[in-house]
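Here is a short briefing to read alongside the model on your screen. Please have the sequence and the 3D view open together as you go through the points.

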Amino acid sequence: MKKMSLRARVLTGAVAAAALGAGTFGAVSANASAPAAESLAAVRADAADRNLQQSTHLTVAAATKAAQAALEAAEKDNQRVSVAVVDRNGTTVVTLRGDGAGSQSYESAQRKAFTAVSWNAPTSDLVKRLEQAPNLKDIPGTLFLAGGAPVRSQGAPIAGIGVAGAPSGALDEQYAAAGVAALNK
């Protein structure tokens, strides 16, 4: 391999640095002026994109209204419960732990709400499905006990309300249904 002279090495380094600098400057200046035009085109493309699907979610205010209605229904019966409202994806939107509710009721309410929205059915109905498919109970995050109710919009599940802590699942589910009913008022 032939050694380059000092002059050739300096000249080669200078050319490389100039090319790199010009490329970086060109990329930065191109990106600095392009976002406005590109983002407008992207918005137009997204609005017309037939591959998108819109979904409906409860507002925080609506989720709070439903949770409060469920808690108030339980309090009228002197029951100490926790209430959870989750969105379509099972993400908790609101939880209320009533005065004196057991520590286990908080997580149970969330899992019942998740189960109800995941299967678009009251959890008391889902308990019956365990007879045919007992491994359903092994799905993470679910709880197949009465006390969860789905919230629907145009027949599709958009949220779940779970209640836990009453002496029976039937009562828990009655209070969850009161939360759903509050959304229709």
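The notes below go from the sheet to the cores and then to single residues.

This is a predicted model. Its four strands form an open sheet in the order β2-β1-β4-β3, with antiparallel pairing. The largest nonpolar core has 23 residues, and a second, separate core has five.

**The sheet**
- β2 (92–97) and β3 stand at the edges with a single partner strand each, so one side of each has no neighbour in the sheet.
- From one strand to the next, the twist averages 15 degrees.
- β1 and β4 run antiparallel and are joined by six bridges.
- V83 has V163 as its bridge partner in β4.
- Helix α3 packs on the sheet and touches β1, β2 and β4. The direction of α3 makes about 30 degrees with that of β2.

**The nonpolar cores**
- Within the largest core of 23 residues, those with the most contacts are L58, V81, V83, V151, I161 and V163.
- At least two residues of this core come from each of α3 (60–76), β1 (82–87), β3, β4 (156–164) and α6 (169–183).
- The element that gives the most to this core is α3, with eight residues.
- The second core of five residues is separate, and A121, L130, L136 and F144 are among its members.
- Beyond its neighbours within four places in sequence, V81 contacts L71, A74, L96, R97, G98, A101, V163, A164, G165, A166 and D172.

**Around G147**
- You will find G147 in the loop between α5 (123–129) and β3 (148–153).
- Is G147 buried or exposed? Its relative accessibility is 0%, so G147 counts as buried.
- Not counting residues up to four places away in sequence, G147 touches K112, T123, I161, G162, V163, G169, D172, E173 and A176.
- The C-alpha atoms of G147 and A166 are 9.2 Å apart in space, while the two residues are 19 apart in sequence.

**Around S108**
- S108 sits in helix α4, which covers residues 103–119.
- A polar atom of the S108 side chain lies 3.0 Å from the backbone oxygen of Q104.
- Which residues does S108 contact, leaving aside its neighbours within four places in sequence? They are L143 and A164.

**Residues to revisit**

Key: Residues numbered from 1 in each chain as written. Predicted model: local features only at pLDDT ≥ 70, side-chain atom pairs only at ≥ 80, totals over all residues. Heavy atoms only, no water. Buried < 20%, exposed > 50% of the residue type's maximum accessible area, 1.4 Å probe, protein only. Contact = heavy atoms within 4.5 Å. Core = buried A, V, L, I, M, F, W, Y, C linked by side-chain atoms within 4.5 Å. Polar contact = N/O pair within 3.5 Å; in protein donor to acceptor, adjacent residues only side chain to side chain. Pairing = 2+ DSSP bridges. Axes fitted to C-alpha atoms, helices over the stretch in contact; angles between N-to-C directions.
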